[in-house]
Amino acid sequence: ARSLGARVFEERWTGDFAYHRNRCQDRCNNDWVFFIDGDEELQDVGNIAEQLQQDDCDGLAMTIHCVANGRVEEELVAIRLYDRTRARWKYAVHEQLLGLEEIVPTRALLMAEYDQSFEASTRTRLDRLLQHAAEEPGDSHYPFFIARSYRSLHDFESVVKWAGEYLGLDSGEPREAEVLVWLVEAALHEGDLVRARAVLEPALQRHPNYPDLLHLQMTLAIHRWWEASTRGDPRYVAVSR
């Protein structure tokens with residue numbers, strides 16, 4: 001990196017991602033920062049240049065494909081280009097960028113390729129999340145990402161437990177809708193259509209335009225159609241003569 005003209009600063013690793021990201025952005029010369037991890041590659045710049053011209057834009061979000069074992073294991077949307085004068089990083093694990101108000105989506109694509117299995121990397125982060133959750137029980141950040149990690153591992157019993165922990169904090173955050181999606185998915189995984197509908201109906205009342213909830217509504221409608229079709233209610237059976 002030095003041979004290519006970069007300024008390189010070396011520090012002892014503390015295990016706190018937010019701390020090191022803040023240290024990095026404090027050393028930058030320009031207000032706007034693009035950050036990329038060592039296991040990532042910007043595959044498509046999309047319409048970044050165009051979206052940067054928008055008024056009152058604080059940051060740009062892009063899609064990240066997490067690749068392990070030769071396939072995309074998870075798809076995320078995250079801010080990777082932002083005005084550092086308006087934001088600071090928080091949380092040691094699954095660090096979050098706080099302070100930005102106007103986030104603009106882009107068509108840019110990052111590929112994150114894990115050198116270990118997706119499950120192994122997820123479990124490593126999960127252990128640290130559980131530790132921090134015990135130390136800071138009132139912070140919604142930890143139950144949210146713990147539930148998401150268990151969902152990635154297909155441990156739906158734990159998803160239900162930690163989604164309940166998150167919802168019990170009543171944080172009022174927009175990502176509540178995503179947590180409700182996970183609860184419906186958990187019920188479907190267990191084949192409990194009654195519970196899935198019981199979760200979905202009030203969730204749609206709270207978040208009527210959340211795409212994943214609408215998709216699950218269609219999924220459950222198909223299940224109900226199949227039940228009705230196979231049950232063969234005699235009132236609706238046409239009698240031919």
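Tutor: Helices (H or I, at least four residues) and strands (E, at least two) are DSSP runs, numbered from the N terminus. This is a predicted model: local features need pLDDT of at least 70, side-chain atom pairs count only at pLDDT 80 or more, and totals for chains, interfaces and linings use all residues. Residues are numbered from 1 along each chain as its sequence is written, and side-chain values use heavy atoms, with hydrogens and water left out.

Student: What does the secondary structure of the chain come to?
Tutor: The C-alpha trace spans about 85 × 45 × 35 Å along its principal axes. The chain has 241 residues. Its secondary structure comes to eight helices and seven strands.

Student: What percentage of the residues of the chain count as buried?
Tutor: Buried means under 20% relative accessible area, exposed over 50%, partly exposed in between (1.4 Å probe, protein chains only). Of the 241 residues, the buried share is 39%.

Student: Among contacts between residues at least 6 apart in sequence, what percentage join residues at least 24 apart?
Tutor: Contact means heavy atoms within 4.5 Å. Count the contacts in the chain between residues at least 6 apart in sequence. The share joining residues at least 24 apart is 61%.

Student: How far apart are the end C-alpha atoms of helix α5?
Tutor: Helix α5 covers residues 156-168, which makes 13 residues. The expected span is 1.5 Å times one less than the number of residues. That predicts 18 Å, and the model agrees, with its end C-alpha atoms apart by 18 Å.

Student: Within what arc do the buried residues of α5 fall?
Tutor: The buried residues of α5 are Phe156, Ser158, Val159, Trp162, Ala163 and Tyr166. Seen down the axis, they line one face of the helix, because their arc (taken from the directions from the helix axis to the C-beta atoms) is within 140 degrees.

Student: Which helices do the buried residues of α5 pack against?
Tutor: On the other side of α5, Glu157 and Gly168 are exposed. The buried residues pack against α3 (118-135), α4 (141-152) and α6 (176-189).

Student: Where is tyrosine 91, and is it buried or exposed?
Tutor: Tyrosine 91 has a positive phi of about 90 degrees although it is not a glycine. Its place is in the loop between β5 (88-90) and β6 (96-98). With a relative accessible area of 14%, tyrosine 91 is buried.

Student: Which backbone oxygen lies 2.8 Å from a polar atom of the side chain of glutamine 51?
Tutor: Glutamine 51 is in helix α2 (residues 48-51). It counts as buried, at 10% relative accessibility. Leaving aside neighbours within four places in sequence, its contacts are Cys57, Leu60, Val104, Pro105 and Thr106. The backbone oxygen at 2.8 Å is that of proline 105.

Student: Which backbone nitrogen lies 2.8 Å from a polar atom of the side chain of aspartate 58?
Tutor: Aspartate 58 sits in the loop between α2 and β3 (59-68). It counts as buried, at 3% relative accessibility. Not counting residues up to four places away in sequence, it touches Trp32, Tyr82, Asp83, Arg86, Leu100, Glu101 and Glu102. The backbone nitrogen at 2.8 Å is that of glutamate 101.

Student: What distance separates the C-alpha atoms of histidine 20 and tryptophan 89?
Tutor: Histidine 20 lies in helix α1 (residues 17-26). It is buried, with a relative accessible area of 12%. Histidine 20 and tryptophan 89 are 69 residues apart along the chain, and their C-alpha atoms are separated by 9.0 Å.

Student: What covers the buried residues of α7?
Tutor: In α7 (residues 193-206), Leu193, Ala196, Arg197, Val199, Leu200, Ala203 and Leu204 are buried. What covers them includes α6 and α8 (211-231).

Student: Which elements each supply at least two residues of the lining of the second largest pocket?
Tutor: On a 1 Å grid over the protein atoms alone, a pocket is an open set of points where a 1.4 Å probe fits, with protein on both sides within 12 Å along at least five of seven lines; lining residues have an atom within 4 Å of a point. The lining includes Asn69, Glu73, Glu74, Phe118, Arg151 and Phe156. At least two residues each come from β4 (71-83), α3 and α4.

Student: What volume does the second largest pocket have?
Tutor: Grid points are joined across faces, edges and corners, and a volume is the space filled by probe spheres set on the points. For the second largest pocket, that gives about 280 Å³.

Terms used:
Polar contact = N/O pair within 3.5 Å; in protein donor to acceptor, adjacent residues only side chain to side chain.
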